[in-house]
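Let's take a friendly walk through a few local features of this model. Have the sequence and the 3D view ready.

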Amino acid sequence: MAETINMPKLGFDMAEGTLVRWLKKEGETVAKGDVLAEIETDKATVEVESSASGVVRKLLVDEGAVVPVNTPIAIVGAADEVISVSSEQLSVSSEPSSVVSRPSPVAGEQTAPMPAGDAQSSIVNPQSSIVKASPLAKRVARERGLDLSRIQGTGPGGRIVRRDIEKVISEQLLVSSAPSVVSGQPSVAARPPSVEGETVALTKLRQAIARRMSEAKSSVPHFYVTHEYKMDALLALRAQINGYLPEEEKVSVNDFIIRAVALTLREFPNLNASFAGDKVVRHGAVNVGVAVAVEGGLLTVVCKDADVKSLRQIAAEVKRMAAGARQGKVRPEDIEGSTFSISNLGMFDVENFAAIINPPEAAILAVGSARQVPVVEEGQVRAGWRMKATISVDHRVSDGAEAAQFMQALAKYLEEPVRLLV
Amino acid sequence: MARITMREAISQALWEEMERDPAVFILGEEVGVWGGTYAVTKGFYDHFGPERVKDTPIAENAILGAAIGAALVGLRPIAELMTINFAFSAMDYVVNQAPKLRYMFGGQFKVPLVIRAVGGGGRQLGATHSQTPDAVFAHFPGLKVVSPGTPEDAKGLLKTAIRSDDPVLFLEHATMYQVRGEVPEGEYLIPIGQSKVQRPGRDVTIVTYAKGLELSLKAADELAKEGIEAEIVDLRTLRPLDMGPVLESFKKTNRAVIVEEGWRSYGVGAEVAARIYEEAFDYADAPILRVAQKEVPLPYNRTLEQAALPQVPDITAAVKEALK
Amino acid sequence: MNKDKLLQMYYEMVLIRRVEERGAELYQAGKIGGFMHLYIGQEAVSTGLIAAREPRDRVITAYRDHGVAINCGISANEVMAELLGKVTGTSKGKGGSMHMASVEKNMWGGHAIVGGHLPIAAGLALGDQYQGNDNVTICMFGDGATNIGYFHEALNVSMLWNLRVLWVCENNQYGMGTAVERASAVSEIRQKAEGYGMKNGRVDGMDVLAVYEAAKESMDYVRRESKPYLLEAVTYRFRGHSMGDPERYRTQDEVKKWQDNDPIGIFRAALLKKKNISAAELDEIEARAEADTQKAVEFAEASPEPGMEELFRDVYVED
């Protein structure tokens, strides 16, 4: 039985991908899990694996084509199987990308003509051919692959508007952040709609950053709380631990911070959350995103369930994912599903800074350098290691007091780092 | 920066430009000895003399025709129409001559003319003296149409208009001469054809200008008390129309209300709404609404007149409707 | 007047006649669009008038402007190219028959809104007065334009403000198809100046020398006294108001009677009475006008259409 391979959804806000290169030709044998093609998304170049074994019977998309998510790109089947390619599939491969990404009657929306004289029922019946939705709602639904006919509109006359779409997306988000989903299926993950960049001069990554950061900074009301941590104990402990570890397994200050943050977040579920229109979604899992500088931008790799992982596990995982990110080849699940992010500029001798929240997360921690500074203790000035960190918080979700308490609680782990080992 | 009235800002712009450039002169009904019907040119006649502050007969064709002729031979006339309603007596010059002479003669001519005119309702002057027919004039390519809503913009835009080599219709609102605001002293120019965000907000975009700005700012304060943050984009120039800030705002808020004092039919709101739909259709989350004058000639009776003109509650109601 | 000047005037009158005759042919051949109003029969008025001006004196007229354009020094080539809508036309092909102008030649346009250019003429003169110049603005218009408000507003301010304008009414007996007597309360147009206390005069518009003398005299007055003057030139257009005029409003006999008084014929006879001008010289001038007209047609036909870049150019100075 022949199987259709579709353009996978490889990122939370991926609407389309560029098929950069086919790695298999028509007629070649392919095993399930073999790399079929390279796809460029907003974030990175990603390899697409075949979900079936057999012979590549048909490549439906040309190299360089921009293809919407879930559009068929190839057919894998038995060598002697009769393959019928529908005109719908073919039309996608031959159309220029700008046409493909627009709504067209061929591209899947229900456009059966309305029965004459039946206009009234067409509005009432959600299954009818005309769905009342605002242009914005239609666009976002198209980008997210949502079926409008299954969404309840709350606008005038039952019109589907942005908040209705956001509600559906936040419900999906709720599902996607459950542990079982995090480990496997990136395509379910969903984020609030983002404004689509229209500039082509930017790289895909830059576009994504520009879009998401502008959206975050203009739509999320940020507030900031800064705290200074005593780092003497942590630095000493790190030196001690690293003495036992081979070079490639050494633990960074940031790994300590990831674990400390994860443990603290367990105590502050409201900061491990997302704002979703009329409610706040508190995530079950603590997935800590770590900003990694890559060429032309940054990527957030995600340490899943960081609160239940050991320091060594965290160190190994982050090291692997960061290396992949810098080489421009990350696995979708490595950049997916974070619930709280850390941005650490400590290696650049930064005293302190504030970061922009990575939506739909509720907060991000910006970490400066650990610096030796004069400190006063018991009336005496002496040298001490101090590190400042600033948390940026979505004010719709949380308030200053809670953020301050979080920062204080974080001190418990950073200043008594043995807690991180138990 | 001084806090001065719209009247003072306009007067300052005129005075400074006349001091700066001897080719600038004013002509119109009662601009000289009287000091301007709205006292904008008070003191000018004594300072600049009768040649540069030229009183004219009540003859709009002669005023505007002579101004165009003088502009053709290198002067920078500022022709004052006592009210925009009198432009209809000389419509030929405003829409048929000044905007066309350059194009029609293959680019040989320049018409560096400013027509200042007062418009607007709310003063119980009856139907023929109370109009806000801005959209009519903005219809014609070749003419620039400017209508400021703050003293600062009035000064900066008028100075630019006087220096423009193209004909500019500068529309002032009769009930706004007392509006006060910070205005930079001395040299201060604002380019014609640039809209401006006069109040930031995230929930809804109010597009307006002139008197509509004054009303919309008040409406936005009311709405803020209920947690609705309206972003106000002031067009400032109706032609050429700068849609950039409007579209940017709309793409953020996805909802818009357009406020104008003129009649709704074929008006500024119609134009702006059409352009939003043309250029940002996929960002619309609700129909774009318009607040405008009722479709009647303005009545004399104060209650009826106020009912016909757009008011703050009309704007707050429209915003709430748009947010449904 | 010296011989060269007289012969130049003769050349211009014949050239206007030939250019317009060819223009009529090209119009009927579909090569000229829109309205076209011929000056044939009235050549003596603008020729005599403009011969009397100094180059710094400005000229502005109505839509029957081909002759005025040529008298002001716009070449037959540019006039013909404008008629054909070519980019080499005096208004780049964007004005057409009714809108010919040249700032360089101090010709401020043919204007197509009846009476609309009269207040503008006052403005040109106001600009000169403001700048301390003593040049005269010569404003030409038809009898039909004296019944509209513009005329009265313009005459009033010109007198009120002491503007140097020579108002020249070309009374060709008809405003389109309506005879002067049927449109104006007074059929002697110059009487209208009296109400404004303005000096005025009347001249035979078929006699170029008479027009020249009257123009010279009135222009001197305007310049010297800094006062406007209204000169009425009585003339007749031999062709219809515009192309396609059914001419039901006048008889063939009437047209014939005026054509016997052809201004070119009158001028030729007058020139031949002078001892130093021969028929052979005038024949040579007519042949030259004919050849120049032919060249103008060839130039215009060979000229390019305006490119699409012209469509949006010159809407504004600043774009």
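## A buried asparagine in chain A

Leaving aside residues up to four places away in sequence, A:Asn272 touches A:Leu265, A:Arg282, A:His283, A:Val286, A:Thr339 and A:Phe340 (contact: C-beta atoms, placed from the backbone, within 7 Å). A:Asn272 is buried, with 27 other C-beta atoms within 10 Å; buried is a label for 20 or more such atoms, exposed for 12 or fewer, and partly exposed for those in between.

You will find A:Asn272 in the loop between helix H9 (253-267) and strand E10 (273-276) of chain A. Helices (H or I, at least four residues) and strands (E, at least two) are DSSP runs, numbered from the N terminus. A:His283 lies 11 residues from A:Asn272 along the chain, with 6.1 Å between their C-alpha atoms.

## About the model

This is a predicted model, in which local features need pLDDT of at least 70 and side-chain atom pairs count only at pLDDT 80 or more, while totals for chains, interfaces and linings use all residues. Residues are numbered from 1 along each chain as its sequence is written, with chains lettered from A and ligands numbered from 1 in the order in which they are written.

## A parallel sheet in chain C

In chain C, 6 strands make an open, parallel sheet in the order E2-E1-E3-E4-E8-E7 (strands pair if DSSP finds at least two bridges between them). Strands E2 (107-110) and E7 (199-204) of chain C are at the edges, each with a single partner strand, so one side of each has no neighbour in the sheet.

Within chain C, strands E3 (137-142) and E4 (165-171) pair in the parallel sense over 6 bridges. There, C:Ile138 stands opposite C:Leu166 of E4(C).

Technical notes. Two residues are in contact if their C-beta atoms, placed from the backbone, lie within 7 Å.
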